[in-house]
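Dear colleague,

Please find below the sequence and structure that I am handing over to you. My findings follow directly after them, arranged by chain and by interface.

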Amino acid sequence: MPPSDNRAAPAAADTDTPDTGSLIVFDQVVKRFGDLTVLDHLDFSVAPGERVTLIGPSGSGKTTILRLLMTLEKVTEGTILVGGEPFSHMRRGDRLVPASESYLRARRKTIGMVFQQFNLFPNMTVRKNLTEAPVHVLGLGKEEANARAEELLDLVGLSDKIDAHPTQLSGGQQQRVAIARALAMRPEILLLDEVTSALDPELVAGVLDVLRTVAETTDITMLCVTHEMGFARDVSNRVLMFDQGRIAEAGAPEEIFGDPKEERTKAFLRSVLDNGY
Amino acid sequence: MFWDFQWTWEVMPDLLQGLKVTVQATLLGYLIALVLGLGVAMLRRVPVLGTLVHAVMEFIRTTPLLVQLVFVFALVPSTVTALTVGIVVLGVHYSAYTAEVYRSGIEGVAKGQWEAARALSLPAYRTWGAVVLPQAIRKVIPALGNYLIAMFKDTPLLLAITVTELLAMAQRVGNDEFRIVEAYTVVGFLFLLVSIPSAFIIRRLERRYAAV
Amino acid sequence: MEFLIERLPLYLEGAWVTVQLTAGGIALAFVLAMFFGILGTRSGRFPRAVSTVYVEVFRGIAALVIMFWMAYALPIATGFQLEGRFAAILAVGLNLGAYGAEVVRGAINAVPRAQVEATVALNMSWSQRMRLVVLPQAWAQMLPTFGNLSIELMKATAVVYLIGVADLTAVAQQMRQGTGETVLAFMGALVLYYLIAQVMILGIRLLERRANRRLGRIPSDGGGLLGLLRPPTPAAGGGK
């Protein structure tokens with residue numbers, strides 16, 4: 001497992017120059033929806049293989065970070081670099097211009113995302129959900145894609161559901177298929193957006209187990225927005241506490257959960273625990 | 001350029017006269033469709049008779065208006081004017097559509113409303129008139145409006161029974177002068193002149209009533 | 001009855017022409033509806049404007065006016081004489097295609113945004129997204145209205161009789177003039193139109209069932225041919 005390096009503890013909310021070893025760099029990123037500022041001059045970076053958990057009250061901008069990385073939203077100001085390449089903009093000569101669709105597609109290649117509401121395709125069987133993009137987007141052969149799908153379904157424990165329709169699966173099963181679907185694209189970065197929030201409580205553990213396995217057996221860089229503090233503690237190298245579009249506190253999970261410095265972090269953790277998460 | 005503006009300008013009064021007949025037939029036919037359609041929709045709640053009426057309406061709705069026009073025109077005594085036949089057939093044909101619209105509106109009224117009316121021992125005409133219809137009709141106003149535009153665009157069919165509406169007028173003046181291109185093109189534009197603003201108004205209505 | 005049985009072959013010939021015109025019209029309308037409907041969902045201003053112009057113009061003009069223009073004005077303007085049947089297919093196809101384009105646009109826009117986002121997360125291109133995800137899902141929603149529009153189109157083909165094509169309506173008119181039996185002559189044609197419409201309705205229900213099954217929505221009434229005779233949902237309004 002790659003090191004989570006020495007960037008864990010210090011005040012990450014402050015501006016630091018993006019270092020070249022980082023896979024993901026947010027540099028002074030601002031995101032506004034109308035008058036609402038969701039991300040406020042945000043700086044942070046993620047090293048290859050790092051597992052970062054984003055926590056914080058709803059509306060603090062965590063999900064927006066994932067959506068920006070998935071190019072589902074565009075930055076208002078600032079720059080995002082992934083693998084050293086600008087993400088929100090592309091280089092033209094020595095200037096940065098708004099990224100074109102083909103440029104975005106090239107950048108997106110390394111990134112996968114799992115959504116809160118699973119978003120499986122209802123017009124396809126589980127098998128098709130797992131093979132369509134590998135075949136059409138990555139250009140894999142049918143057999144290879146199928147083999148990959150079977151392997152991944154085995155990983156998430158749903159081999160017997162390969163020919164089922166998404167509507168025939170429980171929420172937890174759908175989410176496990178959705179994780180397999182994202183992994184089928186062999187991403188270097190996996191974005192997990194509140195993947196257990198839409199599930200009935202008894203189905204949460206199964207999904208988290210799958211993600212623990214993924215974390216243990218691969219070196220995929222993971223950014224995870226979650227309210228599952230136990231999971232965050234087990235899996236992540238670093239926890240970022242967000243509040244009002246800024247990083248309120250950052251550190252190793254033991255520090256954030258065991259000995260939070262910021263009052264906001266304490267209050268947030270209390271409220272999460274009170275709600276039975 | 002073969003387009004003759006001078007001629008177009010000269011026949012414009014004739015064409016507008018044709019447009020007047022078109023609009024007249026549309027509005028009167030629409031009136032019939034609105035009233036008759038409502039009657040049909042209400043009758044459909046009556047057992048047996050309702051099924052029968054529905055079957056007849058289904059037949060009218062799935063067969064061409066043009067054939068119905070020519071058929072009825074051939075049946076009625078020659079004392080009835082072609083325009084009258086046209087208006088009535090147009091109205092009856094479209095009442096098959098408006099009846100469906102009303103029906104969906106009536107079915108959309110909550111069951112509790114009927115039950116409340118019964119609990120108050122309201123007579124049938126008050127139940128319909130004061131409780132059900134005001135709620136049902138409000139919701140279907142945009143859909144009804146769409147059929148006004150649809151009817152307007154079906155009026156050229158009246159030329160088949162010798163009504164001199166817009167298209168027939170264009171045919172007449174165009175043939176006289178051998179100016180068919182101008183005549184039919186102007187008809188097309190006149191149609192757009194009426195139907196595009198109407199569609200715009202309907203969309204406004206949709207937005208207004210969809211919010212309720 | 002004897003009157004009709006004797007003349008059945010003639011009616012069937014006319015009905016066959018009507019069926020051909022309907023099939024041709026539906027094929028054209030479908031292609032136009034898909035093309036301009038999808039164009040109307042593009043983000044660019046220009047493609048959307050092209051789509052809007054097509055829809056507003058051909059929805060706004062009566063099919064009969066379009067057909068007269070094709071049949072009588074076009075030859076004079078261009079020297080190119082369209083065959084009557086082609087003029088009719090073009091007219092009803094252009095007209096109903098404009099209605100259909102709005103249906104396609106609406107159905108595509110009704111596909112949940114989350115589905116589109118999932119295709120972005122899988123790095124699909126626009127055409128892959130449309131072909132693999134959006135259109136298959138929008139299809140089920142388009143079908144009922146497409147069904148109504150197809151019936152409207154079939155009825156609209158009756159106008160060809162006005163430019164001298166021997167369709168079902170023309171046969172009825174010819175019968176009436178030949179025999180004076182107004183009621184029988186026209187009822188014969190109307191019943192055939194009605195039957196054509198019923199067959200079309202049945203076919204559309206079959207398609208709807210298949211589309212819903214593909215989306216994992218399995219009909220609760222057990223299916224079977226009998227189930228087809230019942231409408232799936234109370235159809236609201238008509239196609240127009």
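**Chain A: the annotated domain**

Residues 24-269 of chain A are 37% helix and 28% strand, and the end C-alpha atoms of this span lie 27 Å apart. The span is the one to which UniProt, in an unreviewed entry, assigns the feature "domain: ABC transporter". Please bear in mind throughout that this is a predicted model.

As to confidence, the average pLDDT of chain A is 87, and 92% of the residues score at least 70.

One helix pair in chain A deserves a description. Helix α3 (residues 126-136) of chain A packs against helix α5 (residues 171-183) of chain A at an angle of about 20°, and their axes are 8 Å apart. Because angles under 35 degrees count as roughly parallel, α3(A) is roughly parallel to α5(A). The crossing in which α3(A) passes α5(A) is right-handed. On the side of α3(A), the contact is made by Val126(A), Asn129(A) and Leu130(A); α5(A) contributes Val177(A), Ala180(A) and Arg181(A). By class, the residues of this contact are 4 nonpolar, 1 polar and 1 charged.

The C-alpha trace of chain C spans about 70 × 55 × 25 Å along its principal axes.

For chain C, an unreviewed UniProt entry lists residues 20-41, 53-74, 86-104, 153-172 and 184-207 under "transmembrane region". Two of these spans were examined in the model. Residues 53-74 of chain C are 91% helix and 0% strand, with end C-alpha atoms 21 Å apart. Residues 86-104 of chain C are 100% helix and 0% strand, and here the end C-alpha atoms are 25 Å apart.

α3(C) and helix α4 (residues 84-110) of chain C pack at an angle of about 145°, with 8 Å between their axes. Their crossing is right-handed. From α3(C), the residues involved are Ala63(C), Ile66(C), Met67(C), Met70(C) and Ala71(C). They meet Gly84(C), Ala87(C), Ala88(C), Leu90(C), Ala91(C), Val92(C), Leu94(C) and Asn95(C) in α4(C). This contact consists of 11 nonpolar and 2 polar residues, with no charged ones.

**Chain B: annotated spans**

In chain B, the "transmembrane region" feature of an unreviewed UniProt entry covers residues 22-44, 65-94 and 183-202. Residues 22-44 of chain B are 96% helix and 0% strand, and their end C-alpha atoms lie 32 Å apart. For residues 65-94 of chain B the corresponding values are 80% helix and 0% strand, with end C-alpha atoms 9 Å apart.

**How the chains meet**

Which chains share the most contacts? Of the 2 pairs of chains in contact, these are chains B and C. Their contact involves 34 residues of chain C and 36 residues of chain B. On the side of chain C that touches chain B, at least two residues each come from α2 (45-60), α3 (63-78), α6 (126-156), α7 (168-179) and α8 (182-214) of chain C. The largest share of that side is supplied by α3(C), with 8 residues. By class, this side of chain C has 24 nonpolar, 6 polar and 4 charged residues.

With kind regards

Key
Residues are numbered from 1 along each chain as its sequence is written. Chains are lettered from A and ligands numbered from 1 in the order in which they are written. This is a predicted model: local features need pLDDT of at least 70, side-chain atom pairs count only at pLDDT 80 or more; totals for chains, interfaces and linings use all residues. Two residues are in contact if their C-beta atoms, placed from the backbone, lie within 7 Å. Helices (H or I, at least four residues) and strands (E, at least two) are DSSP runs, numbered from the N terminus. Ala, Val, Leu, Ile, Met, Phe, Trp, Tyr, Cys and Pro count as nonpolar, Asp, Glu, Lys and Arg as charged, and the others, Gly among them, as polar. UniProt positions are given in the numbering used here, feature names are shortened, and annotations may be inferred rather than shown by experiment. Axes are lines fitted to C-alpha atoms, for helices over the stretch in contact, and angles run from 0 to 180 degrees between N-to-C directions. Angles under 35 degrees count as roughly parallel, over 145 as roughly antiparallel, 65 to 115 as roughly perpendicular and the rest as oblique. A crossing is left-handed if the near helix is turned anticlockwise from the far one by less than a right angle, and right-handed if clockwise. pLDDT is the predictor's confidence in each residue, from 0 to 100.
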